[in-house]
Structures are given as C-alpha cells and as structure tokens.
Amino acid sequence: RSSSFLVARFSLSVYRKFDFCATGDFREDFRESRPSFPGKKPGKPGRLFSLRGRKGRDKINGTKRVMKVKQEPLYVLLQPEIRHSYWSEQIREGIREGAREGQDPVCAVSLAEKQPELEGKYVLTVGNRIRWLEESVEQLHRRGAHPVIVNAAMLPVRHFRCSGVLFELEEILSRCVEALADAGRKRTALLGVSESSVTDRRKAEAFCKIPGCREEDVFWAEGRLEDCVSRFAEGLDGSDYDAALCANDTTAVCLIHCLRRKGIVPPERLYVVGMGNSFVGAGMTPGLTSVRFDYHEMGVTAVRLYHSLRQSRTDCHMTVSLPCRLVVRASAPLKALPAGPVPASRADALPQDYFGGDEVQNIIRIETVLQSGDWTDREILFGLLRGESCDGMAERLFLSDRAVRYRLAHILQ
C-alpha cells in the first residue's frame, strides 16, 4: 500500500509540472493576447499557453489542481502591407479585446508556412486589396480552412463563398448623398476610389446605384492619389459639381488643401465629405465632415462571429454588417442623418395587392401551418393528401390511432 501511495504522489507531481498546455505560435502583432495566470511562470516568448479547464481538489493532499483541456486558438491572417495602418491596428486591438473576453489564445498565421494545420479551422482574414484577398481565400480553401473576411466590404459572394464582418457602405453612401441633396447640393462626385481596393469598388458600385449619380461622377485614382485630386480641383471651375464625397479622409484633406491654394475654402464653393473620421481631418480648418467606421468594434465582432461559426453544427456562411455614422463638421454643414435605413423608392416597394387573391392567400396559410408543425404533423397532412387512412398512418409512423387523430385535430384548430 505504501508503494501505491508513492506512485500516486509522483504522478500528481509530474502532472502539476506539465499542467500548461501549448496551443500554438504567435507573432509580434498579438503578443499582448497571451493570458497570464496568478502563481504560474509565464511561457517562453513565441508560445501561447492555456489553463482553462475543470477545477477540483486532489483526494490525496487536498491541493487544487487544474484539468488539461485542449483549447482551439483563434487564427488570424493579416495582409502584410496594412500592418502599420491605423485602421488595421484598431481591428487587431478589437480582436485582442474579444479574445480576452473569451480567454482565447491568438495565433497569427502565414500562408507561406505549412504550419499550423488549418483543416476545418476558421481564419480571420484581415485585408483590403482585392488580389491579396482572392489569393488568400483560394489558398485557405485549398488547405480546408474557412476564411472569415474582416474588411469594410466583402468579395463577390458568387465567386468566393465565405463569412465576414463588413460595414453598411451602401446605406451610408445613400444617406450622405440624400443629406447633400437636402442641403441644396445638386451634383456630387465620388473622388479618389482605387481599382485595387475591394472596399472602393463596392463604394463605386453603391454610388452608381443612387438616383441621380452616374458612372462619370466617379473619379478613379489610376496612379497617385494626389494627381487624381489635382485633376478634379483644376477642372472644378468648368464643372457643375458642388459636393465631393471622398473615398477616404486622405483624399478629402488633399482636396481641401488644393482648393485653398486656389482661394476656395469649403464649404463656399464645394461641400467636402470624407470617410474614416481621422484625427487629421477633425483637427484641420475647416473641420472635415466624415463617415466614422468603428474598426475596433469590427475586431470584437469578428471574434464573436468566429465563436458563432464554431458552435454552428452546419456548414454555413454568416455575414455581419456594422452601421456607420456621419460626423458633421464645417467642411459640409449637413443636417443630422435620420436614424434607420433609407426609405425604399416606389420602384422597389411592392404593391399593396401583391399577395392578394384567394389562391395565393390559401398557399400562404398552408405554408404557415406546415412551418408551425413538426415532422410528424407534416407526414400526417401529406398522408391525408395521398388518401391514407388514420390506421395506415398510425402503423407507418409508429403511433397509435388515437395519437394520429389527436394531432390532426390539433392541426385543424
């Protein structure tokens, strides 16, 4: 009995020595996400450790112990070119905060490396360049992973089936143009959009769908952004544009500087609206009216979507859209945008009698009954349509005759 006692004590000491569970490598961008545990030495740099699990007490000496439970890391793939941009920093900080809420280790991955194994894993993919996103999504699919795009806009769903977190660009663009029209602006230009940005492409597509906006009102930055802004400012005198909706705050600030060199101070001749709500735009004179994108909340929401996808028992794709807010300043003194979506136009609205008619109403009622019942109720109804008797349906569905009649009476009520 004494030898068994010594073996048990030795096993417990070995268990306590190795109760940290390594879950994957991480890189410089996510060093802050490593959890700390009181009374434990921190892990070595370059590793992540987890101590989540069932807590209890050893029966031998009453000391606390922690059961080892393998924890799934939160995989993040980041476009290298945007690593030092302020908006990607905000997204990463949001991911860190979301990971801390669930005590999730974060693992930054690179498609150039074979490790870690991504088969069946969800990968938060942060980027905005079209070519990089398309190649990354294709490589992740080939490795059996499920990409979750974290960007202001998604890739075309018809080509790339994946989940994502995005902003409601179509709504905010439409509401901005509507607010400019209410302020007396008759023609608005979309300035500084880039062909290589999936977000800018989506902005251009949404802008052209707004009534009164045309494709010639979109000014693409084919080369340098400054050249695009200069060409627009030089041709402003010979055009009837009285408002400029810029693709980002950088474009808007460049435009205001060009106009001031020409002796024009917005909003005298031109209303200028940016996107991004940068500190530079807020601190300049005149203050820049801009659309605010909450990239920090986008990162937090991406982690929540990640957990929802993991908990889902079906192979599905989810998209979460976040609202945007217009911050009004002196460059475009607009009225506050009304809350809620833009009212649908008459062309988009269904006529009041669209679902009219007895036959259509009967179809809707039948579908409502079928949707409200369970599988057995639907089998009973379809059995009646096939001419089956209650006894025959009871035998086929392994029910009593009384149970079939009770269900049928309940449905008909």
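How close do the axes of H6 and H7 come, and at roughly what angle do they cross? They come within 9 Å and cross at roughly 45°.

## Basis of the model

This is a predicted model, in which local features need pLDDT of at least 70, side-chain atom pairs count only at pLDDT 80 or more, and totals for chains, interfaces and linings use all residues. Residues are numbered from 1 along each chain as its sequence is written, and side-chain values use heavy atoms, with hydrogens and water left out.

## Overview

The protein has 13 helices and 16 strands. Helices (H or I, at least four residues) and strands (E, at least two) are DSSP runs, numbered from the N terminus. Of the 413 residues, 43% count as buried. Buried means under 20% relative accessible area, exposed means over 50%, and partly exposed lies in between (1.4 Å probe, protein chains only).

Contact means heavy atoms within 4.5 Å. Among contacts in the protein with a separation of 6 or more, 68% join residues 24 or more positions apart.

## Nonpolar cores

A nonpolar core is a set of buried Ala, Val, Leu, Ile, Met, Phe, Trp, Tyr and Cys residues joined through side-chain atoms within 4.5 Å. The largest one has 53 residues. Leu124 and Phe167 touch the most other members. Leaving aside neighbours within four places in sequence, Phe167 contacts Asn151, Ala152, Phe293, Asp294, Tyr295, Met298, Leu322, Pro323 and Cys324.

A second, separate core has 22 residues, including Leu191, Ala252, Cys258 and Leu270.

## Helix H6 and its partners

Helix H6 spans residues 225–234. Its buried residues are Cys228, Val229, Phe232 and Ala233. Seen down the axis of H6, these fall within an arc of 130°, so they line one face of the helix. The arc is that of the directions from the helix axis to the C-beta atoms. An α-helix has 3.6 residues a turn, so residues three or four places apart point the same way. The buried residues of H6 pack against strand E10 (188–193), strand E11 (218–220), strand E12 (243–246) and H7.

On the H6 side, the meeting with H7 involves Leu225, Val229, Ser230, Phe232 and Ala233. On the H7 side stand Thr250, Thr251, Cys254, Leu255, Cys258 and Leu259. Axes are lines fitted to C-alpha atoms, for helices over the stretch in contact, and angles run from 0 to 180 degrees between N-to-C directions. H6 and H7 are oblique to each other. Angles under 35 degrees count as roughly parallel, over 145 as roughly antiparallel, 65 to 115 as roughly perpendicular, and the rest as oblique. The H6–H7 crossing is right-handed. A crossing is right-handed if the near helix is turned clockwise from the far one by less than a right angle, and left-handed if anticlockwise.

## Helices H4 and H5

H4 covers residues 169–182 and H5 covers 198–208. Their axes come within 9 Å and cross at roughly 50°. The two helices are oblique to each other. H4 passes H5 in a right-handed crossing. Leu169, Glu170, Leu173 and Val177 of H4 make the contact with Thr199, Arg202, Lys203, Ala206 and Phe207 of H5.

## Backbone exceptions

Most residues other than glycine have a negative phi, and most peptide bonds are trans. The bond from Pro266 to Pro267 is cis, with omega near 10°. Pro267 sits in the loop between helix H7 (249–261) and strand E13 (271–275). The bond from Thr285 to Pro286 is also cis, with omega near 0°. Pro286 lies in the loop between helix H8 (279–283) and strand E14 (289–292).

Gln103 is not a glycine, yet its phi is positive, about 55°. It is in the loop between helix H2 (86–102) and strand E6 (106–108). Gln103 is partly exposed, with a relative accessible area of 47%. Phe398 has a positive phi near 60°. Its loop runs between helix H12 (390–396) and helix H13 (401–412). Phe398 is exposed, with a relative accessible area of 77%.

Arg304 lies in helix H9 (residues 295–311). It is partly exposed, at 44% relative accessible area. Not counting residues up to four places away in sequence, Arg304 touches Glu101 and Glu297. Arg304 and Gly98 are 206 residues apart in sequence and 7.2 Å apart in space, C-alpha to C-alpha.

Phe382 is in helix H11 (residues 375–385). At 35% relative accessibility, Phe382 counts as partly exposed. Phe382 and Leu370 are 12 residues apart along the chain, with their C-alpha atoms separated by 10.0 Å.
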